Amino acid sequence: MVDIDELDDKFSIEGEVGFAELEEDLVFITVSNKYADADICLYGAHITSFRPHNSMDLLWMSPDSCFEVGKAIRGGIPVCFPWFGPHKTDEEKPQHGFARLMYWDVLSTATNPAGETIIKLELNSSEETKAYWAHDFRAEMTIVVGKTLVETLKITNTSAVSFDYTCALHTYYSLSAIESITIEGLKGLTYYNQLTRENGVQEEEKLEITDGLTRHYLNTETPVIIDDSAFRRRIKVDKKGSKVTTVWNPGAEPCAKIGDLSDDGYETFVCVEATNAFDYPIHLAPGESFETSAIIGLEEKIF
Ligand SMILES: O=P(O)(O)OC[C@H]1O[C@H](O)[C@H](O)[C@@H](O)[C@@H]1O
């Protein structure tokens with residue numbers, strides 16, 4: 001059980017970091033500093049809100065999201081680990097792994113000299129994780145809340161044998177309207193189109209989303225920009241330690257079939273994900289670690 005008073009005693013920072021039961025029974029860390037406000041749910045190490053002080057929330061949350069143990073939160077930044085998508089051999093196992101379905105422990109909270117807040121969470125292998133995946137591992141999540149939000153998933157192989165994993169930081173971005181945005185930075189890249197199961201190459205300078213779309217852009221480590229003219233903002237989506245950029249919007253029909261999304265939910269979000277999957281799993285020998293980061297913020301305006 002998570003004891004809020006104990007967490008408060010150990011990890012709160014006055015006026016900056018607190019703990020609260022938001023959304024039914026789930027425990028959240030609330031962060032507020034000179035740059036931004038953020039909410040992080042300990043269940044899933046799931047960031048549900050990032051609000052730089054000069055902007056509305058960059059992250060989108062479904063008003064119909066579940067907030068209960070055993071179900072994934074819809075919106076924010078789900079953490080997909082140790083597999084991305086459906087399990088390869090056992091369809092009973094949860095889509096996108098189990099990391100988003102477990103409570104993570106708080107390791108530390110701190111303020112750095114620049115006034116940014118640093119939260120560290122961890123999830124270690126246990127009997128519970130081994131029911132899904134046999135390996136010993138340590139997952140450490142570092143979240144830096146500043147002008148940008150930096151989320152880093154570090155996986156260490158703590159077992160005596162090598163393993164492979166796949167993962168994603170599956171960010172939902174809040175939009176004025178899906179038809180009003182374009183995504184820059186994907187031109188010339190090869191993608192796997194999950195809906196047609198074929199590869200394609202993006203010819204267009206800017207991606208416009210006019211229908212349901214699930215594309216995994218392969219072998220790319222460069223940032224993209226979500227240009228939202230109606231909201232008058234450009235969100236810069238950067239990453240490190242990720243070879244695949246996934247862009248997902250369900251479109252109208254599939255959206256209507258997803259229980260924790262309203263029928264028109266697809267209209268106001270797009271997912272742009274820092275992924276390692278398909279031909280790019282991460283291989284870790286015993287003792288090795290690997291880090292995957294999402295770096296999210298507003299592009300500086302040039303006047
Ligand atoms: O509904 P979820 O399990 O959270 O997955 C949401 C989506 O995640 C990824 O973007 C996958 O490529 C999609 O196929 C999937 O529908």
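Residues are numbered from 1 along each chain as its sequence is written. Because the model is predicted, local features need pLDDT of at least 70 and side-chain atom pairs count only at pLDDT 80 or more, whereas totals for chains, interfaces and linings use all residues.

**View 1. The overall fold of the protein chain.** The protein chain holds three helices and 22 strands, where helices (H or I, at least four residues) and strands (E, at least two) are DSSP runs numbered from the N terminus. Its C-alpha trace spans about 50 × 45 × 35 Å along the principal axes, and 38% of the 303 residues count as buried, meaning that 20 or more other C-beta atoms, placed from the backbone, lie within 10 Å of the residue's own.

**View 2. The surroundings of Glu 21.** Glu 21 lies in strand S1, which covers residues 17-21, and it counts as exposed because it has 12 C-beta neighbours inside 10 Å, the limit for exposed being 12 or fewer. Leaving aside residues up to four places away in sequence, Glu 21 touches Ile 4, Leu 26 and Val 27, a contact being two C-beta atoms, placed from the backbone, within 7 Å.

**View 3. The shell around the ligand.** Among the residues around the ligand are His 96, Gln 194, Trp 248 and Cys 271, with a residue taken as near if its C-beta atom, placed from the backbone, lies within 6 Å.
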